[in-house]
2 protein chains.
Amino acid sequence: MRMDTSSSHSAAERLDAVFAATRSRFDLPEGVIYLDGNSLGPLTHDARMRVADELDNQWGARLIKGWNESGWIDLPHIVGNRIAALVGAAPGSVVACDSTSVNLFKVLSAALQMRPERRVVLSDRGNFPSDLYVAQGLLGGVERGHELKVVEPEEVAEALDENVAVLMLTQVDYRTGRLHDMADLTRRARAVGAATVWDLAHSAGALPVHLEEAEADFAVGCSYKYLNGGPGAPAFVYVRPEHAEHAHPFLAGWMGHETPFAFDPGYRAAPGVGRMLVGTPPVLAMTALDAALEVWEGLDLADVRARSIELSETFVAEVEARCPELVLASPRDPLARGSQVSFRFEHGYAAMQALIERGVIGDFRTPDLMRFGFAPLYLSLDDVLRAAEELETVLRDRLWDDPRFAARLKVT
Amino acid sequence: MRMDTSSSHSAAERLDAVFAATRSRFDLPEGVIYLDGNSLGPLTHDARMRVADELDNQWGARLIKGWNESGWIDLPHIVGNRIAALVGAAPGSVVACDSTSVNLFKVLSAALQMRPERRVVLSDRGNFPSDLYVAQGLLGGVERGHELKVVEPEEVAEALDENVAVLMLTQVDYRTGRLHDMADLTRRARAVGAATVWDLAHSAGALPVHLEEAEADFAVGCSYKYLNGGPGAPAFVYVRPEHAEHAHPFLAGWMGHETPFAFDPGYRAAPGVGRMLVGTPPVLAMTALDAALEVWEGLDLADVRARSIELSETFVAEVEARCPELVLASPRDPLARGSQVSFRFEHGYAAMQALIERGVIGDFRTPDLMRFGFAPLYLSLDDVLRAAEELETVLRDRLWDDPRFAARLKVT
């Protein structure tokens, strides 16, 4: 069942070499096959070294002088530019800061102001709940009769009409991996005059993204999943360059001021995407992220996507052959999903715990989804084959029928 | 001029022992006297060790399991409770998260909703500019005819009237150290029915704060100054327990949901101050802060305040005796300022650079303020005396008259 989607032996060898090199940058625990990088990417050697240097030689040794001498003040832009290169955005159009939800609040508030006569924010049930909470909080606060309209993912295109101020979507569904066609939906939104806000939480580093080419207006995303920035690492925010001077988020702070250190009592937005900054950058976290992003230098996201598809297709085929109890919950077409697959199984929670105890780490989402992420930078085809074998063993053992196992699950 | 404010020799010895012990917890560079802990506190040995452990044994080894096994998910509350103990707040009424500005946005939006019929947010010119920007951004977004009224610090009391929805102040002026009387102004605000929002950026860890006793409604603050959490460390937010169930910030995300992992499409605020959480907690940064806060265990803030006053009074007396060119810009009464003093000097910028080159680190604020912070946890009376001596030397040398020095300044 092991397949190679590349057209020639030498192409496959090239990819093997590329991903053997990236894998060596990660510090993965011995004996673990990690299929949950879509929740939290692993530690890199680069991140460990840079954080230690930050503690000892920057903050520790330079104290306040680190803001200039260690370049702390530029980190949101430096890290933003690294991420821009991964999501099809021009240099200078992305900054790293705050959390994905906080960044979403900023761009959604800016987008609403660009369509002051419209009252609908359109989203879908595949969106991550926090994104819906952000919209609910913002629209409740604005109190101008706005409505958050949430439709099924496949109904988004037809729900786009001239009442829609903002189309707000997460490109890849966090449960099933279902992938929206960003180019098509953005074009449709533009055709009815709606602004677009894309959440790239499960896209950045998972597949090629073309924000500029798609003419997306705003985007946000997460850096602790496929970008491996560490738990709760700073998120990012994109503003289409032509909008930057007209984008006015409700959330404004000194780091987004034109001249933060002039301590002017009146706010004047910084030029460009810099106005999306608010508070002081979290230097330790930003340093870990900056270092983690080094692994992407010189990588081609088309290669990442090709390998991701090879990994997930292999896993789906193996699991379907070995574990007929599991039902694929993700799109069967690999081009219609991100870099994860999910299976429905009535004992999914217990099965995932048993699998984790065997060293294969995926995760579970209610009510019955076993979720597996495929990050080519540190996963091999062998890993995926072994994961499928372990899953078969778990299903054969049926530990959930054993009261001692069930009791253990309840304790944790 | 060396004075001891304690009433007996043994009391002085006790304080010396207390602060010798705290000083040993800090990893200060050799030969540096650090009088800028009011901008950025120094590294502690605890923080270095905990961050290294976090990288190697938590994130690195446990990966996604760290959220439960390493207690990451509880960090905002654990750290919040440590800070609560330093600002006179009940356990469970403070969480650590986001930046001070983002937290201010949350509580200001919640406070405004508690006074829907009023239109004035009252603040003063001593407030940190970012706080004013937050209010400007929020009121501009709400568009309901609100006004941000900014008066002189000494005019706040008389400007409080029944039009004021929220009194929003920073307790300690970042330039001069001037200290507002929180108890008095909060009482006056309550008397006219205004809600209060206090920014404790330069108060927390600098002097005893009594949020609960003062009946303050909301507070925010910074943890990278006197709390030594590291550059850009997570900030904190306080909600008076009796308000928590009625406080609805515009900024809402999954970590503030009653059941974040139920992935409910509708937002339901968590009970208590937990609703002030939004995105995923920044674990590395939160860990450094949690570790840095260990030094406060068992410390009495009255002792910290007594030693802070001793340090600043000694410094003021020494500088005024040695450097008549410098004019005190801070209140002369130590009880009317926080834990910093500032002097006006026309060559202040150059003088501060020259002083820093001599190993005494303070900072400069336009147009002419030389600013010095006194953190008793790692500063001794000897440090302060030596700092005054170095300052005297700098003023005698007048390097700013040397074109080579001036040229060097322009380069940096």
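Colleague: What makes helix 5 of chain B largely enclosed by the rest of the structure?

Modeller: Of its 15 residues, 13 are buried, so helix 5 of chain B is largely enclosed by the rest of the structure. A residue is called buried if 20 or more other C-beta atoms lie within 10 Å of its own, exposed if 12 or fewer, and partly exposed in between, with C-beta atoms placed from the backbone. This is a predicted model, in which local features need pLDDT of at least 70 and side-chain atom pairs count only at pLDDT 80 or more, while totals for chains, interfaces and linings use all residues. Residues are numbered from 1 along each chain as its sequence is written, and chains are lettered from A and ligands numbered from 1 in the order in which they are written.

Colleague: What span is expected of helix 5 of chain B, and what does it reach?

Modeller: The expected span is 1.5 Å times one less than the number of residues. For helix 5 (residues 100–114) of chain B that gives 21 Å, and the helix reaches 21 Å from its first C-alpha to its last. Helices (H or I, at least four residues) and strands (E, at least two) are DSSP runs, numbered from the N terminus.

Colleague: Why is A:G232 called buried?

Modeller: A:G232 has 28 other C-beta atoms within 10 Å, and the cut-off is 20 or more. A:G232 lies in the loop between strand 7 (218–221) and strand 8 of chain A.

Colleague: Which residues does A:G232 touch?

Modeller: Not counting residues up to four places away in sequence, A:G232 touches A:Y224, B:T280, B:P281, B:P282 and B:V283. Contact means that the C-beta atoms, placed from the backbone, lie within 7 Å.

Colleague: How many residues are in contact between chain A and chain B, and which helix of chain A gives the most?

Modeller: There are 64 residues of chain A in contact with 64 of chain B. Helix 6 of chain A gives the most to that side of chain A, with 10 residues. The residues on this side divide into 39 nonpolar, 18 polar and 7 charged. Ala, Val, Leu, Ile, Met, Phe, Trp, Tyr, Cys and Pro count as nonpolar, Asp, Glu, Lys and Arg as charged, and the others, Gly among them, as polar.

Colleague: How do you know that the two copies are related as by a two-fold rotation axis?

Modeller: A rotation of 180° with 0.0 Å of shift along its axis superposes chain A on chain B, with RMSD 0.0 Å. The two copies are therefore related as by a two-fold rotation axis. The superposition is by least squares on the C-alpha atoms of residues with pLDDT of at least 70 in both copies. A:V142 comes closest to the axis of the residues of chain A, at 2.6 Å (C-alpha). The same surface serves both copies, as 100% of the contact residues of chain A recur in chain B.

Colleague: What makes strand 2 and strand 4 of chain A edge strands?

Modeller: Strand 2 (94–97) and strand 4 (147–151) of chain A each pair on one side only. Two strands pair if DSSP finds at least two bridges between them. The open sheet has 7 strands in the order 2-8-7-6-5-3-4 (chain A), with mixed pairing.

Colleague: How do you know that strand 10 and strand 13 of chain A pair?

Modeller: They are joined by 5 bridges and run antiparallel, and at least two bridges are required.

Key
Contact = placed C-beta atoms within 7 Å.
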